[in-house]
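Have the sequence and the model open side by side as you read.

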Amino acid sequence: MKNIFCSILFVLTTLSFVQTFGQTTQNGKEDLKRRLYFLADDKMKGRAAGSKEDREAAKYIAQELGKLGFVPLIGESPLVNFEFTLYREVGYGSKLNIANTSLLEGTDFSVLPESPVAEVSSQFVFIDRLDSLPASLAGKVALIKSVRDSIPFKVTSLKDKGVSAIIFFSKEDINANRKGGTTSISVPAIQVSSNIAAKMLASEDKNIYIKSVVHSVKGRSQNVIMLLKGVNAGNSILIGAHYDHIGTGGAGSGSMAPKMTEIHNGADDNASGVAAAIEIGKSLSGIKDSLKYNIIVSAFGGEERGLLGSKYAADTLKALNMLPKLMINLDMVGRLSEERLQVGGTGTFIMADSIVSRINRAFQFKLAMTKDGYGPSDHASFYTAGVPVLYFTTG
């Protein structure tokens, strides 16, 4: 949390409609710390999207904003639910028959969860090299030597040649794990044991039958979207931060140590941004009678799953003709080092860079400004919807 308060003060000043403000009080610092510690506590288990802790975090944020006078923006609830794919799972009933011999799932073969639901009757062809494929493999099943993790990257070139399915083998043991991530590939991919692959290569009967049974398991998360009304204000400014994190890590979570499963607390990513957004909301609620804009504070779910919550929020607000005039995104603002602060989106509205530079005279941060409104965080969802953005991060 080193210097988080300084960077939050800087974000506060970018709201040019706020005429004056004092230094953050000791009470304000304690509130920041309290909220940060709640969200990043071990009991929240990393706040994975769709989890019980994910729902508890959203409810807590809504309660904190409610205490400050914020009310639901859409309908009667501050929590706006959305559905997403939690993971893909191989169901029971998948089949692999080679030369009219039925193989045993989990021992002889396994279906990748990324596979589509499909049924294929064809012949297999051994492909020794992907850089010298035949002109056409229309309808054929490709047998290749490959590790499991490389298959999604090899599907495209084989699919372009007309392959209807892929069977692969390597020195790896059969992976019987039925659960996978959320990504999908265009043709069934089946792992077979080295023993089965050897029998296939030695056989003159190339006939093959594949049935892949796969389904998506759905989950539900929610956005917190709450409003503080200005005086006779028609337009709004939205301050947002994602509150989800990557849970206990593992494959497909985005963790930099994908083979480790342990609680990822996410104090900086992004309990810091949420704590900052609520504190900004508190500061603005103290001068609400002089605000010329409505203030929306939103905590987004599903950011780690691909900006799911902010995309849903931007699409919903656009459909309701309620898009803000500016979106300010706070993502990882808790580790300011050597006074270096990154500000994105300064090319998304006129004079943004000069406004930020002028405000910075009072703080003397070492600014790194970028003009682009896109990027791997929630501001991109709003910029795509046509909203100017500013994105604050300490990197």
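## Confidence in the model

This is a predicted model, in which local features need pLDDT of at least 70, side-chain atom pairs count only at pLDDT 80 or more, and totals for chains, interfaces and linings use all residues. Residues are numbered from 1 along each chain as its sequence is written, and side-chain values use heavy atoms, with hydrogens and water left out.

The protein chain has an average pLDDT (the predictor's confidence in each residue, from 0 to 100) of 90, and 92% of the residues reach at least 70. Please take care with residues 1–10, where pLDDT is below 50, and with residues 12–23, where pLDDT stays under 50.

Strands (E, at least two residues) and helices (H or I, at least four) are DSSP runs, numbered from the N terminus.

Strand E7 (residues 141–145) runs parallel to E8, joined by 5 bridges; here alanine 142 stands opposite isoleucine 166. Strand E9 (residues 189–192) also pairs with E8 in the parallel sense, over 3 bridges, and isoleucine 167 stands opposite isoleucine 190.

## Threonine 394

Threonine 394 lies in the segment after strand E17 (389–393). This threonine is buried, at 13% relative accessible area. Its side chain reaches the backbone nitrogen of arginine 335 at 3.4 Å.

Methods: Contact = heavy atoms within 4.5 Å. Buried < 20%, exposed > 50% of the residue type's maximum accessible area, 1.4 Å probe, protein only. Polar contact = N/O pair within 3.5 Å; in protein donor to acceptor, adjacent residues only side chain to side chain. Pairing = 2+ DSSP bridges.
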